[in-house]
Amino acid sequence: MATTGTTTPPAPRTPGRNGGRRPLIVRRRTSLRDRRSPLLTALTSIAAIYSLVPLIWLVINATKSQEGLFHSFGLWFSGDFALWSNIRETFTYDGGIFTRWVLNTLLYVVVGAGGSTLLATLGGYGLAKFTFPGKRLVFVLVLGAVAVPSTALAVPTFLMFAKLGLTDTPWSIIIPSLVSPFGLYLMWTFATEAIPRELLESARVDGAGEFRTFFSVGLPLLRPGIVTVLLFTVVATWNNYFLPLVMLKNPHWYPLTLGLDRWNAQAHTAGAQAVFNLVITGSLLMILPLIAAFLLLQRYWQSGLAAGSVKG
């Protein structure tokens, strides 16, 4: 006679703090630890060292006098701490022209980079959300403009501005800075995904015009992209060297890049004074606003990423 086997029921599991899902959390944490790659950590460390060593060198040598630069190790301090005297001399040397170069650079950045970001935002939004004849041709032209380096256009731009009588003026730097094909392409692609058409249609159904729809609906959603384009254009304009070199002759219109290069070239000029300590101090002062801009604006990237990861 066949007997039916009995099965012993499994012992009840004591639920953890998360209702019995503690083992899953442990496995997830273990898998995250297993994903750490020693090779990736080593490559990241090398990239960090490569990026930070020049900055460290600049900070250390900005504290040295002209004589201390040549009688001390480059990555360590000298006996005299001359940072404050270097800063004071940088702003007073040659009639205080360094201050004029700072103001010129701010002018080029605020008007040029700010205007470029505004035009890229308006153009990218329009190309992403409106349909019109020739849109595909515009897309091809924008991609072609992105592929052309700006240095290749410097000489043709100079010849055109020379005909217009705009060389050796601030407009010869500001007007070319207003055009950013990469910024336009970036805002175009960002606006395509960041702004749902349903939101725009809802605003239009409620009676909002196109400008009100853009400023009330589109602009807040484009904020992470705007900040990205703004930083790219600010850095490009702040570090612009070749275009001012071609366009400007009057030192009173020089940006910081061209002005510091002029000071650096004095060492190779007969009878001129070498001011390497001022060049290094000026370079340090030049990068501080860019570092501050990245630190202050990075929260907009983080908020944009967080907003994009939440589904309504």
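## Exercises on a helical model

A nonpolar surface patch of about 910 Å² is formed by Ile49, Leu52, Val53, Ile56, Trp57, Phe73, Leu75, Trp76 and Phe77. Areas come from the Shrake-Rupley method with a 1.4 Å probe, and for residues only the protein chains shown count as cover.

This is a predicted model, where local features need pLDDT of at least 70 and side-chain atom pairs count only at pLDDT 80 or more, while totals for chains, interfaces and linings use all residues. Residues are numbered from 1 along each chain as its sequence is written, and side-chain values use heavy atoms, leaving out hydrogens and water.

**Exercise 1.** Find how many helices and strands the protein chain has.

*Solution.* Start with the definition: helices (H or I, at least four residues) and strands (E, at least two) are DSSP runs, numbered from the N terminus. Counting them gives 15 helices and zero strands.

**Exercise 2.** Decide whether Leu75, Trp57 and Thr63 are buried or partly exposed.

*Solution.* Take the cut-offs first: buried means under 20% relative accessible area, exposed over 50%, partly exposed in between (1.4 Å probe, protein chains only). Leu75 has 37% relative accessibility, so it counts as partly exposed. Trp57 has 35%, so it is partly exposed too. Thr63, in the loop between α2 (38-61) and α3 (66-70), has 5% and therefore counts as buried. Its contacts beyond four places in sequence include Phe77, Asp80 and Phe81.

**Exercise 3.** Identify the residues with the most contacts inside the largest nonpolar core.

*Solution.* A nonpolar core is a set of buried Ala, Val, Leu, Ile, Met, Phe, Trp, Tyr and Cys residues joined through side-chain atoms within 4.5 Å. The largest one has 25 residues, and Trp101 and Trp263 have the most contacts inside it. Helix α5 gives the most to this core, with six residues.

Technical notes
Contact = heavy atoms within 4.5 Å. Patch = residues over 30% accessible without salt bridge, like charges linked within 9 Å, V, L, I, M, F, W, Y side chains within 5 Å. Salt bridge = Lys/Arg side-chain N within 4 Å of Asp/Glu carboxyl O.
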